[in-house]
Amino acid sequence: MTAVMPTSPLLAIVLGAGKGTRMKSAVPKVLHPVAGRSMLGHVLALVECVGASRVGVVVGPGMDNVKTEAVTQLPAAEVFVQEHQLGTADAVLAARSIIARHTAEVHLNRDGRPAQCIVLYADTPLIQADTIARLQQALNDGAGVAVLGFHARDPSGYGRLLTAADGALTAIREDKDATLEERQVTLCNSGVMAFALPDLLGVLDRIGNTNAKGEYYLTDAVEIARAQGVRAAVVVCAEDEVLGVNARDQLAVAERLWQQRARARAMAGGVTMIAPETVFLSYDTAFGRDVTIEPNVFFGPGVTVGNSVLIRANCHLEGAKIGDGVRIGPFARLRPGAQLGPDVHVGNFVEVKAVTMGPRSKANHLAYLGDGSVGADANIGAGAIFCNYDGFRKHKTVIGDGAFVGSNSSLVAPVEIGAGAYIGSGSVITKSVAADSLALERSTQDERPGWAAKFRAMMGRRS
């Protein structure tokens, strides 16, 4: 997102009281994730990006987990409870105290211009900062109300934006209350509205509930404000940007649209994706330049990738820090705490968790590295395992610079392998090994010449 510097202090009110029964979930709708972050988290990141000086989040009764998420994502947010589900205007008025404080502060400290307030929805996670900037600009240009609209491919069910010949907004008509002529209008209301009114609370308090649902519609503020001589404006964005998520299929659409944007940004920044549609990013995935990503790669939250990195097909990465020149995969898994230094190689069917790998170290095949560190220029052979868990606690394995761990070795933590040491293949190492030593742990090999031929002959007679 591009940060927006508001010309007047901005209050953002995020409505998140809807239960989302169509989601068929015990989890409140707004906590369902898109790209590894809750929908509420996306909207709070947006209002933080645009520089809102105050943020109010409106939740329903008993939605303690939504309250927790709000203050986790944005500690400065104030949470308000809408006790009864009586419509969008009622939801905004649940945050009456923050509106009053914001209005009073701006009146005292500014040049007499009305305070700006924007109302957003926690289930609409795809709105861009530049769109909010255009809403603010409409207010700066003299509108008292600015409504975010879109041209719907199918307007059925949406509120219609009714405009005058000069393009000014005259009213918002809910679908159930619209006439047949009004239902032919394709310019629809997203629900997102911005206000610059001297007495916003006074306007909200005048909204009645004489509509078909018997609710208090925030959209009625347009006609009330216009009756007071206030100009109302429409700002138009793409329909996809204001997608509201009410069911699982819509959540999947939001994920798809978010991923398309993120892939495009990554490729514009110098990332090569051989099959972009098969690469999935998280909200905080960060890339350097000249990164190449093969098909079917998934990035969970907390991944940063340096320059000139190659990530081969079918890898899963989460919570990992990847240095310049690293080679990963195919079929590798990096879990939280994996830190790969420059020019590290992590190969096929290798899992790394909470391990720092020093420059040029390698684990090329079929290994598990959990809890510990690997020094520079060390080699971890195929089938090697860091035995980090004793059933109660995790323990660390430390591999020194230049050490060589032979194939099919088990290192039982806590254990330290000194710099330059060798671990013979097939060993189970339970004690620390000194630098430049060779450690072997095997039973004596017993060979019986001719045994196999005699065994086959015996078994053949029995058959």
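Two strands pair if DSSP finds at least two bridges between them. Strands are DSSP runs of E of at least two residues and helices runs of H or I of at least four, numbered from the N terminus. The model is predicted: local features need pLDDT of at least 70, side-chain atom pairs count only at pLDDT 80 or more, and totals for chains, interfaces and linings use all residues. Residues are numbered from 1 along each chain as its sequence is written, and side-chain values use heavy atoms, without hydrogens and water.

**Exercise 1.** Describe how β8 and β9 are joined.

Solution. 
- Locate the strands: β8 spans residues 160-163 and β9 residues 169-173.
- Take the direction: they run antiparallel, with four bridges.
- Find a facing pair: Thr 163 is opposite Leu 169.

**Exercise 2.** Decide whether Thr 397 is buried or exposed.

Solution. 
- Apply the cut-offs: buried is under 20% relative accessible area, exposed over 50%, partly exposed in between (1.4 Å probe, protein chains only).
- Conclude: Thr 397 has 0% relative accessibility, so Thr 397 counts as buried.
- List contacts (heavy atoms within 4.5 Å): beyond neighbours within four places in sequence, they include Asp 371, Phe 386 and Val 415.

**Exercise 3.** State which residue classes line the largest pocket.

Solution. 
- Set the classes: Ala, Val, Leu, Ile, Met, Phe, Trp, Tyr, Cys and Pro are nonpolar; Asp, Glu, Lys and Arg are charged; the others, Gly among them, are polar.
- Read the division: 15 nonpolar, 18 polar and 13 charged.
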